[in-house]
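Hi there,

Here is the structure I promised to pass on.

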Amino acid sequence: MTFTDYLRRLKWRFWVWVGLYILLIFGITGTSVFNGNAITALTKFNVQGFLHAAGWYAAATILEVTMSVGTVIYQYHLQRLLDNDIRSDIAANFTRMTYPQYHQRADAVYTSWLTNDINTLNSHGLTFVGYIIQASCQVTVSVAVLVTYHVSLLITTAISAFFLLTVPLIYRQKLSAASAKLSERNERLTDQITDVLEGFNTLFMANRRHLLVQRIWQASDDAGKAEFDYQRFDMFTQFVINVVNLTAQLALLVQAGLLAYHHAIPVGAVITIASLSGTAFSGLTLLSFGLTTVKSVKPIFAKFAQAVVPAPPKKQAVQPLQGTIRLADVTFHYPGNNVPTISHLNLTIGAHQKIAIVGPSGKGKSTMLKLLSAILPDYQGQMTWDGQDYATLDPDTLRNQLTYIDQAPYIFNDTIRFNITLGQTVSDDDLKHAVAASQLADFVAAQPQGLDTVLAHDGTTISGGQKQRIALARGLLRQSKIILSDEGTAALDPENAVAVERLLVTLPDTTLIMVTHNLRDEIRPALDQVVTL
Ligand SMILES: Nc1ncnc2c1ncn2[C@@H]1O[C@H](COP(=O)(O)OP(=O)(O)OP(=O)(O)O)[C@@H](O)[C@H]1O
């Protein structure tokens, strides 16, 4: 999608905006014409004509003032629609990305796209589209009116217009490059600020808080340099355009004066021509500047377009597991890692089996759960689900069969209810059951608004164990028949951990694959397999 495509999506609204600009230009041109007419009437001592022109002048001024506000208010209305459109397209693209595709970039980069880049699109894109519309109407109407005074004025206007529109082309490339650099530096600014702020607790405990200032200053200075470079080119382009503009206005004023001196036009017309030439050339300046600036947002759309992933091909829907999941000679490398994380792994997991995966840190236990969840598709060897190759199965429907209880569950800045249901509509009974089974009932009862209590971003106001229990409740609520638990009880006290693990290993008709560093004696007898990586 390009910027023009998004403007097309505004349909009739865009033309309403153009209409408001046309009315604005009628107002601006009207004030120039009636101002001149009033002076011409005065030079002829025609009081009635003077008052008549003054009346029209007042009407044109009211139109100008009203429309100059109306066009801006309407622009903000369009901006809201455009921003929603662009942001939801970017977000829709995230939903099509595979897990590795999404994680190619840091979250802060995406934040920058959705905030900094959208702000740039508003300030350099839509605002300047407004200027282009205004300028195009302004130039057309004022030149048309100018020509009615004397046709020779057209020649001076045409020559000046040529220079005004071509000179900035020299700087267009540089401006585009500066805009691309600015966008990239803004990404880095957001990335570095997010990184250092999220490390606040670590820096606080290590008494290294001064790093906050150092890192934020450095990131700010880098982004500031890029902004400075952009504005430097922008202002230089404006300066050159303004010089040509003022020279052209001066030429037209001299020409109008000479025409009046030779009685080719009335004296009052000199005022109108001076004012109209100001309007026409400031219009051309705006047009020239607007075209250059709007082009500078192109790299932002090019960047978004590069990240677009096509809708995945339709694959076979996954049915509940009846037989086995099999891994045959599976090897997996993370991109850029020299050694494989998983090497020639063979494993059979029967439906309803309870399995523990143990092994030293960094051996690939979590990676194995990710392979089983079909979020890491680039492995060698073969994985099958009831005999069907994972590669032929639709990963979304496969994940519908699973619950993944994460090592470090994410808590949204939303209610406890949302954090458990993730927006799914569930019955109160099911919710209560999931809360009780994950040992959360006391915690919920102690909250001021119970399930409707809002939790802080990333659960900074609750304990690690409480986060894990919320993740467990999420999992139990899904009632899926396969549970993958990645150290899902590691943050719980031994008593609660045993209670939760006991619940997991006794869930009927459920397959459990549990990664653990602490295989408890109370749990071991209930397991069908212990796999050591
Ligand atoms: N996204 C990634 N990109 C590159 N390497 C990764 C990525 N995730 C994990 N690794 C590497 O893969 C290896 C296995 O990681 P994994 O998290 O699967 O280990 P683990 O056995 O679960 O460890 P732990 O018991 O400490 O949780 C590690 O060496 C890790 O550095």
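**Where two helices meet**

Let me start with a helix pair: Val143, Leu146, Val147 and Tyr149 of helix 5 are in contact with Leu153, Leu154 and Thr157 of helix 6. Sorted by type, the residues of this contact are six nonpolar and one polar, with no charged ones. Helix 5 covers residues 107-149 and helix 6 covers residues 153-166. They pack at an angle of about 145°, and their axes are 8 Å apart. Please keep in mind that this is a predicted model.

**Transmembrane annotation**

The UniProt record, an unreviewed entry, lists "transmembrane region" at residues 12-34, 54-74, 128-147, 153-171, 239-261 and 267-291. I looked at two of these spans in the model. Residues 54-74 are 100% helix and 0% strand, with 30 Å between the end C-alpha atoms. Residues 128-147 are also 100% helix and 0% strand, and here the end C-alpha atoms lie 28 Å apart.

**Domains**

The protein splits into domain 1, residues 3-306, and domain 2, residues 324-532. Taken over C-alpha atoms, the centres of domain 1 and domain 2 are 53 Å apart.

**Around the ligand**

Which residues surround the ligand? They are Tyr334, Asn337, Thr341, Ser361, Gly362, Lys363, Gly364, Lys365, Ser366 and Thr367. By type, this shell has seven polar residues, two charged and one nonpolar.

Happy to go through any of it with you.

Best wishes

Technical notes:
Residues numbered from 1 in each chain as written. Predicted model: local features only at pLDDT ≥ 70, side-chain atom pairs only at ≥ 80, totals over all residues. Near = placed C-beta within 6 Å. Nonpolar A, V, L, I, M, F, W, Y, C, P; charged D, E, K, R; others polar. Axes fitted to C-alpha atoms, helices over the stretch in contact; angles between N-to-C directions. Helix = DSSP H or I, 4+ residues; strand = E, 2+ residues; numbered from the N terminus. Contact = placed C-beta atoms within 7 Å. UniProt positions renumbered as here; feature names shortened; annotations may be inferred. Domains from an automatic or database assignment.
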